[in-house]
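Me: Hi! I have a structure open that is new to me. Could you walk me through it?

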Amino acid sequence: MLSGYVGSVAYTTRNDPREEVIQAWYMDDSDEDQRLPHHREPKEFVSLNQLSELGVLSWKLDADNYETDAELKKIREDRGYSYVDLIEVCPEKLPNYEEKIKNFFEEHLHTDEEIRYCLAGSERWNHRLTLSGIYHRFTLDSDNYIKAMRLFVGDPVWTPFNRPHDHLPARKEYVQAFVNKDDSARAVDAAAA
């Protein structure tokens with residue numbers, strides 16, 4: 001199972017246009033600087049389809065025109081994102097920067113969707129959505145900078161729950177919907193027979 005992932009700029013010629021800006025891989029267990037890629041040896045990449053099966057959704061949007069982007073407007077309407085703010089994550093703009101990025105790198109979950117639209121920096125993920133209940137982590141690369149739009153349904157809930165918090169309803173719902181989904185489908189099929 002994918003325990004964590006890092007986004008990175010990747011200029012590829014794959015069929016999915018999102019793969020021009022997103023790569024995902026299984027991470028090693030090294031204690032080296034968290035801003036390094038932390039690839040396993042040999043490298044093990046995760047496809048965007050695999051991420052989607054785990055509840056990580058992404059879109060390729062026009063970050064240079066985010067204020068007028070019709071596709072972003074449609075995503076916001078479809079998912080009910082009423083709250084929006086912008087944040088710059090860098091030593092000059094984020095108080096207690098080193099401590100905060102160490103906290104962001106701890107594997108955690110939220111009880112609400114976590115949506116980040118990276119507008120500037122070497123990690124332009126465009127738009128990435130992480131469902132409530134999925135363990136994830138965040139870090140920068142060695143450039144130490146991103147500017148991101150954060151989107152929420154209603155008022156934002158910033159509380160991270162570091163692993164393990166498997167008892168939370170959001171985690172149980174995520175596991176049932178994405179991890180045990182084949183078991184649920186088999187149970188429904190068996191009940192219908």
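This is a predicted model: local features need pLDDT of at least 70, side-chain atom pairs count only at pLDDT 80 or more; totals for chains, interfaces and linings use all residues.

Me: Good to know. How many helices and strands are there in the protein?

Reply: The protein has five helices and nine strands. Starting at the N terminus, their order is β-β-α-β-α-β-α-β-β-β-β-β-α-α.

Me: And how much of the protein is buried?

Reply: Of the 193 residues, 40% are buried. As for contacts with a separation of 6 or more, 67% are between residues 24 or more positions apart.

Me: Can you zoom in on Ile101? What does it touch?

Reply: Ile101 has a relative accessible area of 1%, so it is buried. Neighbours within four places in sequence aside, Ile101 is in contact with Gln34, Arg35, Val89 and Phe138. Val89 is twelve residues away along the chain, and the C-alpha atoms of Val89 and Ile101 are 8.7 Å apart.

Me: New topic: pockets. What is the volume of the largest pocket?

Reply: The largest pocket has a volume of about 510 Å³. Its lining is made of 23 residues, and those nearest the centre are Phe104, His110, Glu114, Arg116 and Arg150.

Me: Which element gives the most to that lining?

Reply: That is strand 8, with four residues. Strand 4, helix 3, strand 6 (114-121) and strand 8 (146-152) each supply at least two.

Me: What classes of residue are in the lining?

Reply: There are eleven nonpolar, five polar and seven charged residues.

Me: Which residues does UniProt list as a binding site?

Reply: An unreviewed UniProt entry lists His108, His110, Glu114 and His136 under "binding site". They are spread over 29 residues of sequence but cluster in space, with a largest C-alpha distance of 11.4 Å. The lining of the largest pocket includes His108, His110, Glu114 and His136.

Me: Take His110 then. Is it buried or exposed?

Reply: His110 is buried, at 11% relative accessible area, and its place is in the loop between strand 5 (108-109) and strand 6. Not counting residues up to four places away in sequence, it touches Ser132, Gly133, His136, Trp158, Thr159, Pro160 and Ala170.

Me: And where is His108?

Reply: His108 is in strand 5. His108 is buried too, with a relative accessible area of 5%. Leaving out residues up to four places away, its contacts include Glu114 and His136, which are both on the UniProt list.

Me: Let's look at the backbone. Which peptide bonds are cis?

Reply: One of them is the bond from Glu41 to Pro42, with omega near -5°. Pro42 is in the loop between strand 1 (24-25) and strand 2 (45-46). The bond from Arg163 to Pro164 is also cis, with omega near 5°, and Pro164 is in the loop between strand 9 (161-162) and helix 4 (169-179).

Me: Why point those out?

Reply: Most peptide bonds are trans, and most residues other than glycine have a negative phi. On the phi side, His38 has a positive value of about 55° without being a glycine, and so does Asn96.

Me: Where are they, and are they buried or exposed?

Reply: His38 is in the loop between strand 1 and strand 2, and counts as buried at 6% relative accessibility. Asn96 lies in the loop between strand 4 and helix 3. With a relative accessible area of 53%, Asn96 is exposed, since exposed means over 50%.

Technical notes. Residues are numbered from 1 along each chain as its sequence is written. Side-chain values use heavy atoms; hydrogens and water are left out. On a 1 Å grid over the protein atoms alone, a cavity is a set of points where a 1.4 Å probe fits but cannot get out, and a pocket is an open set with protein on both sides within 12 Å along at least five of seven lines; lining residues have an atom within 4 Å of a point. Grid points are joined across faces, edges and corners, and a volume is the space filled by probe spheres set on the points. Ala, Val, Leu, Ile, Met, Phe, Trp, Tyr, Cys and Pro count as nonpolar, Asp, Glu, Lys and Arg as charged, and the others, Gly among them, as polar. Buried means under 20% relative accessible area, exposed over 50%, partly exposed in between (1.4 Å probe, protein chains only). Contact means heavy atoms within 4.5 Å. UniProt positions are given in the numbering used here, feature names are shortened, and annotations may be inferred rather than shown by experiment.
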